[in-house]
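Visitor: I am new to this structure and would like to be guided through it with care. Could we look at it together, one topic at a time?

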Amino acid sequence: MAALSSLVSALESYRGRDRLIRTLSYGCQLIGGLLAEQSSVRSEVGKRLLVISAQLSHCRTVLRLFDDLAMLAYSRQYGLGAKEEDAIIRCLSVINNLADQLYYPCEHVAWAADAKIIHINSTRWWILSTALWGLSLLLGIGRSLKIILNLRRKLRNPEIKSARKTFRREKKTLEAQVKSETLTLLSNLADLANAIHWLPPGFLWARRFPPWLVGLLGTVSSLIILYQASGPRSEKSDDS
């Protein structure tokens, strides 16, 4: 009953619902991609799962039409990162927020073009939105690496170690932060691999992944996001 209650609670919120749809979409792509390479019967099931995956992905694209204001509110709240002690983290975060903010309208234009609402070529807008997503992930990776480096420096700080009464408690807190940031790093790396795959052919490994590998990377990233969401953490708009 507790698991069912948690599931219902997650589905009642937009972010929780989006995380579950994301996980289900990539999971269907993983299983569908594997089955599509098998015998005729399994191949047909695999193709249907791939269709489900595509429809769930399209569902998330439509729901993101309403994310601009939430992202703008987050960006305005963060501002230029005046409360951030590290200048590098502050700079990476500000540029990251800008990339995220620009991502949404580009994706909206691409969606509207595909839906024939506006008569333009959607390809360049999909490429631009994917490039902005990849840039955001790259900046997030850099930010996570810098945060982990700073936290490890604090753990080696002799001043903290000398204060025996507070050392254990502070060490536990810092180690938990390192773990959380490492998971964020792994999630972003998995998503970045997919983002590069969706860029035009000729750039690194773009368009070279089979569907099951895209599904695997996305599922790993989604499960990490779900795990992190199960504990207390600050959040902004979720990635694609």
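Visitor: At roughly what angle do the axes of α5 and α6 cross?
Guide: This is a predicted model, in which local features need pLDDT of at least 70, side-chain atom pairs count only at pLDDT 80 or more, and totals for chains, interfaces and linings use all residues. Residues are numbered from 1 along each chain as its sequence is written, and side-chain values use heavy atoms, with hydrogens and water left out. Helices here are DSSP runs of H or I with at least four residues, numbered from the N terminus, and axes are lines fitted to C-alpha atoms over the stretch in contact, with angles running from 0 to 180 degrees between N-to-C directions. The axes of α5 and α6 come within 8 Å, and their crossing angle is roughly 160°.

Visitor: Is α5 roughly parallel or roughly antiparallel to α6?
Guide: Angles under 35 degrees count as roughly parallel, over 145 as roughly antiparallel, 65 to 115 as roughly perpendicular and the rest as oblique. Because the axes cross at roughly 160°, α5 and α6 are roughly antiparallel.

Visitor: Is the crossing of α4 and α5 left-handed or right-handed?
Guide: Helix α4 (residues 68–78) and helix α5 (residues 87–114) have axes that come within 10 Å and cross at roughly 165°, which means that α4 is roughly antiparallel to α5. A crossing is left-handed if the near helix is turned anticlockwise from the far one by less than a right angle, and right-handed if clockwise. For α4 and α5 the crossing is left-handed.

Visitor: How far apart are the axes of helix α2 and helix α3?
Guide: Helix α2 covers residues 14–36 and helix α3 residues 40–63, and the two pack at an angle of about 155°, which makes them roughly antiparallel. Their crossing is left-handed, and the distance between their axes is 7 Å.

Visitor: Which element gives the most to the lining of the second largest pocket?
Guide: A pocket is, on a 1 Å grid over the protein atoms alone, an open set of points where a 1.4 Å probe fits, with protein on both sides within 12 Å along at least five of seven lines, and lining residues have an atom within 4 Å of a point. The second largest pocket holds about 810 Å³ of space, and of its 32 lining residues the closest to its centre are S57, T61, W126, T130 and W198. With seven residues, the element that gives the most to this lining is α3.

Technical notes: Points joined across faces, edges and corners; volume = space filled by probe spheres on them.
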